[in-house]
Amino acid sequence: MQGPPYRPLDAQVIPRFAGIRTFMRAPHVASLRGVDAAAYGIPFDTATSYRTGPRFGPEAIRAASALLRPYHAVHAVDVVEALSIVDYGDLPVSPGDIERTYEQVEEGLEPIVDAGVFPLAMGGDHSVTLPELRVLARHHGPLALVQLDAHADTWESYFGQKYFHGTTFKRAAEEGVVDPVASVQAGIRGPVYAEDDLDVSRELGFTLVASEELRALGAEGYARLVRERVGERPVFLSFDVDFLDPAFAPGTGTPEVAGFSTAEAVAYVRALEGIQLVGCDVVEVSPPYDGPGQQTALAAANVLWELLALRALRR
């Protein structure tokens, strides 16, 4: 398959025939000169609480992205013409050592953000979002978080651990890397451990939108709510693939029934046109539990493409 007409880059490009699979068949580069957006993987899943496998998520998303084409017909934007996109490869991680992994992710992401390149992460479990937020907050100040997820991830600890995929946004709020008052967590559903579990998010200041409320709002109502909260603040959008119903995304570690379809998810993301998006990730893709058509990875790749389109519209 012939690749799209990527603009020439003043960068060290590893040839396509080297056998390296990349996001959207973009060039894999070792330099960021002339780059607008960089996709990268964080293959870490030590912080999962149930089914492991998201360490293989970046590779699966890359494979599923091969069919993505450059022109977005709804937004009327050629993503590849608007943005010079590369695949920066995977950041180093240390399986079994989450704090060391956080240091490595921060060190690996810093050059991307320093260069003014839009970072587009492929997880990894949801714990990897915290070091991303740390780096971006050092450059932009506290971020508005837009989270599409079945879970709020604001527990104090999980299995006695402070850093885990269920504690990410409690830590982010405590560290001041996100502004909860400017942030929206939407799609929350499923059984919890206690009646007051979700009260933690609200007490921190997050606007929490349960799945039933989100459906009632619809895409445009959701977008209005987000814009009211985030204003002109820099936004990080984190999409946990378990936002989707397991019928559409079985390949994830903590699936929850009564979720959203891919059509609904795309509509919610597209409706966010105009927000000041400075970074994003799609996390919790677990290929060992995916279907024979790799529909979870395919959904993740398309959500990332939708997020690139949002960024392209701000150019």
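Student: Why is Ala-63 called partly exposed?

Tutor: Buried means under 20% relative accessible area, exposed means over 50%, and partly exposed lies in between, with a 1.4 Å probe and protein chains only. Ala-63 has 33% relative accessibility, so it counts as partly exposed. This residue is found in helix α1. Please note that this is a predicted model, in which local features need pLDDT of at least 70 and side-chain atom pairs count only at pLDDT 80 or more, while totals for chains, interfaces and linings use all residues. Residues are numbered from 1 along each chain as its sequence is written, and side-chain values use heavy atoms, with hydrogens and water left out.

Student: Why are α1 and α9 called roughly perpendicular?

Tutor: Axes are lines fitted to C-alpha atoms, for helices over the stretch in contact, and angles run from 0 to 180 degrees between N-to-C directions. Angles under 35 degrees count as roughly parallel, over 145 as roughly antiparallel, 65 to 115 as roughly perpendicular and the rest as oblique. The two helices pack at about 75 degrees, with their axes 8 Å apart. They are therefore roughly perpendicular to each other.

Student: Which residues meet there, and of what kind are they?

Tutor: Contact means heavy atoms within 4.5 Å. Ala-60, Ile-61 and Ala-64 in α1 meet Ala-297, Leu-298, Ala-300, Ala-301 and Leu-304 in α9. Ala, Val, Leu, Ile, Met, Phe, Trp, Tyr, Cys and Pro count as nonpolar, Asp, Glu, Lys and Arg as charged, and the others, Gly among them, as polar. The contact accordingly has 8 nonpolar residues, no polar and no charged.

Student: Why is Ser-65 called buried?

Tutor: Its relative accessibility is 0%, so Ser-65 counts as buried. Ser-65 lies in the loop between α1 and β4 (71-72). Leaving aside neighbours within four places in sequence, Ser-65 is in contact with Thr-22, Phe-23, Met-24 and Ala-301.

Student: Is Thr-296 buried or exposed?

Tutor: Thr-296, found in helix α9, has 0% relative accessibility and so counts as buried. Beyond neighbours within four places in sequence, its contacts include Val-241, Phe-248 and Asp-290.

Student: What makes a group of residues a nonpolar core?

Tutor: A nonpolar core is a set of buried Ala, Val, Leu, Ile, Met, Phe, Trp, Tyr and Cys residues joined through side-chain atoms within 4.5 Å. The largest such core has 61 residues, and Phe-23, Tyr-222, Leu-307 and Leu-308 touch the most other members. Helix α9 (residues 295-313) gives the largest share of this core, 12 residues. A second, separate core of 39 residues includes Leu-32, Leu-109, Val-128 and Val-177.

Student: What makes Met-24 and Asp-153 worth a remark about phi?

Tutor: Most residues other than glycine have a negative phi, and most peptide bonds are trans. Met-24 has a positive phi near 55 degrees, and Asp-153 has one of about 60 degrees. Met-24 lies in the loop between β1 (13-14) and β2 (28-29), and its relative accessible area of 1% makes it buried. Asp-153 lies in the loop between β8 (144-148) and α5 (168-175), and is buried at 7%. The peptide bond from Gly-123 to Gly-124 is cis, with omega near 15 degrees.

Student: How do you know that the radius of gyration agrees with a compact globule?

Tutor: The radius of gyration is taken over C-alpha atoms, and the globule rule is 2.2 Å times the number of residues to the power 0.38. For 315 residues a compact globule would have a radius near 20 Å, and the chain has 18 Å, which agrees. Buried residues make up 60% of the chain.

Key: Helices (H or I, at least four residues) and strands (E, at least two) are DSSP runs, numbered from the N terminus.
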